[in-house]
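Hello,

Here is the structure I promised to hand over to you. Please open it first, and then read my notes below.

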Amino acid sequence: MSRVDRVSRTAEIAADPNRVIIFDTTLRDGEQAPGFSMSAEAKLKMAHVLRDLGVDVIEAGFAAASPGDEECIRRVCGEIEGPVFASLSRANEKDIDASFRALAPAPKSHRRCHVFLATSPIHRSAKLRMSTNEVLATISRTVEYAASLFDDVEFSAEDAFRTEPEFLAEALMAAADAGAQTLNVPDTVGYATPEESRQRFAYLDGIIRPRHADIIFSSHAHNDLGLAVANSLAAVEGGARQIEGAINGIGERAGNASVEEVIMALRTRADRYGVTIGSESRHLVRASETLREVTETVIARNKAIVGLNAFAHEAGIHQHGMMADSRTYEIMRPEDVGFEGSYFVLGKHSGRHAVGKRAEALGHALEGQRLAEVFAGFKRRADEIGEINDAELTAIIAATAPQQDKTYAAAG
Ligand code: MN
């Protein structure tokens, strides 16, 4: 079959040049990190949520890593319909065969072989012991082999950002010539800066696109310097149309770009990036919670998008603004990511207005002197214990109630 006859789901999506493909690697790079390994059941559960979330590609595992991994990919892609499924393969025929077996249950148009080979000087000399010519020859041979089995092939130049730009372009050109439709430029060690990321993608695009008009450039950023999401967004500005990431930002070391942050940044700042995505963001909180549950992990309260504090307000000035118009302090609607609404926390930073409102909701209409007394009691208690929940507030109202009220209450 010649290359023009291929029909892949990826090619269909990429027909729109402004569409960014979301490639989720929670089940591969994410799962590979200490503390995040998942059973087949856990991966299946997670993959169902990822399907609902509408990620375009699910990297379900690394088939050659173990017979268990191969079987797990087979189950996931056999049970779930919709996304493209990818399996990672080192640049050798044996790994590609394992990916082929693992992905067999998925329709051919939805199977992606993801081949990788390191290209940086340190990886070439210390790890691979290969010359640049050997690296190029290996890429050509193995990508061509993958393309003989799959209609959808992605090639990753591992440690791309520490690779000489000219050699990186040569390596990626070899992969495209051999039949890869997606070229991933991973910042494997989290070393890049946003401006460098934008420039590198623009540079590669300028060299490769004239010969391969439909090529898709992909970003795979790591968060060692806390720049994974920033670098991924900069990659889009440089022409990348696939972003790889993981839910809750899990992945090797400090993790991958967080999928929820990427999705909401592209959505919230569509004015700036001018691209579209296919994901249903209202499933983000559920995706985050499912991952926490199956891996028995926690995330920080202040985690962007899905953290407990992402839509919570305690400070009086903020609560007052939020009551008037939520746009004063929120750039996204909580419902759009899957929260039920904004969350007002009562604590020592809260104002009289918010305390009065909460008391009213609990059935105590307080005004003037009475509200002042309750508010004073509230501040004393908040200094002691921090957050004041409904039970605490009710107790404060009772404790500060005027004597005659208590007498009447006792008499009644
Ligand atoms: Mn990685």
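Let's start with a salt bridge: Glu 12 pairs with Arg 9, and their closest N and O atoms are 2.8 Å apart. The term stands for a side-chain nitrogen of Lys or Arg within 4 Å of a carboxyl oxygen of Asp or Glu. Because Glu 12 and Arg 9 are three residues apart in helix H1 (residues 9-13), about one helical turn separates them. Helices here are DSSP runs of H or I with at least four residues, strands are runs of E with at least two, and both are numbered from the N terminus. As background, side chains of opposite charge can pair when their charged atoms come close. Searching the whole structure gives 33 salt bridges.

Before going on, please keep in mind that this is a predicted model, where local features need pLDDT of at least 70, side-chain atom pairs count only at pLDDT 80 or more, and totals for chains, interfaces and linings use all residues. Residues are numbered from 1 along each chain as its sequence is written, and side-chain values use heavy atoms, with hydrogens and water left out.

Next, the metal. Which residues coordinate the manganese ion? They are Asp 29 (OD), His 220 (NE2) and His 222 (NE2), at 2.0 to 2.3 Å. Donors are N, O and S atoms within 2.8 Å of the metal (3.2 Å for Na, K and Ca), and water is not among the atoms, so sites may look incomplete. Asp 29 sits in helix H2 (residues 26-30) and His 220 in strand S7 (residues 216-221), so this pair ties together parts that are 191 residues apart in sequence.

Now for the domains. The assignment, which is automatic or from a database, gives domain 1 (9-295) and domain 2 (312-411). Their contact (heavy atoms within 4.5 Å) takes eight residues from domain 1 and seven residues from domain 2. The C-alpha centres of the two domains lie 47 Å apart.

About 570 Å² is buried between domain 1 and domain 2, and carbon and sulfur atoms give 65% of that. Buried area is the accessible area (1.4 Å probe) that two parts lose on being put together, summed over both. In domain 1, Met 264, Thr 268 and Val 285 lose the most area to domain 2, together 64% of what that side buries.

Finally, one salt bridge is found across this interface. Have a look, too, at Asp 336 and Arg 267, which form a salt bridge with their closest N and O atoms 3.5 Å apart.

Enjoy exploring!
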